[in-house]
Amino acid sequence: MDNYTWDKDLLESYLADDKVEPDFKDAIALASGQYSEKQTTQRKIDTIRANGNFLALNPYIVPCFERIITEPYNYMRVPRDQLNVTIDEALKVTKAFYNTTDVEVRNAFYRFFNERHAKLMARNPRRNDKTVYKGLTICSEAKKDCLVTFEATMDFEMLSVLIHEYGHAVSFLLRNYHNMYECNSAFCEIESVFMELMAYHWLQRNKHYARDARTGMIMIFNNILDNIKDTIEASELNEMIKDMYFSKRRITMREIIMQAKNEFTGMNQKYIMRLLSKPVERVIRYSYSSLLAIELYEIYLQDPNSAIDLYKRIMHGQKETAIATNKAIKALGINAGEHLTDFTRELKR
Ligand SMILES: [Zn+2]
């Protein structure tokens, strides 16, 4: 039946275990509704402050970035009524897709998929609360395990969320249970977005699903593209603010806008404010990861095996060199944005 909820005994054993990471417990509590997203966001801000983040140290910037972090986050969405599916149907498609990937990915997928009745939780969509994620995979290195939760929107988006979240679960296993989110890298979504792109490709070629899902697929592709320009500029703006902070220590919004106008031709105040009002950290993470996943995907279209091989090398590399992997990805010959035109061309066909 379409009834998925985390196993109560398992949750209790994890919550009671001292070896289990506090973040993992927090995420369980949040996802199972033990406290609100707002409280968690406040904790996140506190953590950023405690870590001495440059933004948190600056009294003028803090309010601005608190707004960014707490701002409603809607990224890569398709209309909810694109395709009606039940959870079991969506899982069936998810499984069929992962069956088409290589043996290591497929085995990792089944490791979590087979336990779905204990470790997958469907949540009722909370339509008025836009800060709530569509899907979440929470990983415990201590337990070598992860739990997945998703919004039961019963549409194409739910399918893509499931494919996405299982992408995180699979990669967590391929990395030998190393939690990539710990190092907060800007590309930690590469593993899930690459799976999504491969899945769309597979869906488009699969006659049975193509007819129903076509609109949804194209919408998603377009949304990725829409965010790319903002990403690159938001990350550059972010760098600029960082530089300003380290040279002056105290900066005002006005100074940021003046400096941005100087540094970026054609960037007007309205656009700068728009970039700053976006949840920059998440936009950068998702969009930068998307750019890298698109590079992998372009390779995949030419040569699926070498793309999957590269993906695995990225995953395996995370274990030892979590922070330095941005360089490592470049060393593999993957450069964000390099094949964007090819990708765009394909979408327009
Ligand atoms: Zn993700």
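1. Two strands are said to pair if DSSP finds at least two bridges between them. In this predicted model, S2 and S3 are joined by 6 bridges and run antiparallel, with Leu136 standing opposite Thr149 in S3.

2. Strand S1, covering residues 120-123, also pairs with S3 (residues 145-151), but here the sense is parallel and the pairing extends over 4 bridges. Within this pairing, Leu120 has Val148 of S3 as its bridge partner.

3. Taken together, the strands form an open sheet of 3 strands in the order S1-S3-S2, and the pairing is mixed. S1 and S2 (135-140) are the edge strands, each of them pairing on one side only, and from one strand to the next the twist averages 15°.

4. Two packed helices are described by the angle between their axes and the distance between the axes. For H7 (residues 103-113) and H9 (residues 156-174), the axes come within 9 Å and cross at roughly 110°, which means that H7 is roughly perpendicular to H9.

5. Which residues of H7 and H9 meet? From H7 they are Glu104, Val105, Ala108, Phe109, Arg111 and Phe112, and from H9 they are Tyr166, Ala169, Val170, Leu173 and Leu174. Sorted by class, this contact of H7 with H9 has 9 nonpolar residues, 2 charged residues and no polar ones.

How values were computed:
Residues numbered from 1 in each chain as written. Predicted model: local features only at pLDDT ≥ 70, side-chain atom pairs only at ≥ 80, totals over all residues. Axes fitted to C-alpha atoms, helices over the stretch in contact; angles between N-to-C directions. Helix = DSSP H or I, 4+ residues; strand = E, 2+ residues; numbered from the N terminus. Parallel < 35°, antiparallel > 145°, perpendicular 65-115°, else oblique. Contact = placed C-beta atoms within 7 Å. Nonpolar A, V, L, I, M, F, W, Y, C, P; charged D, E, K, R; others polar.
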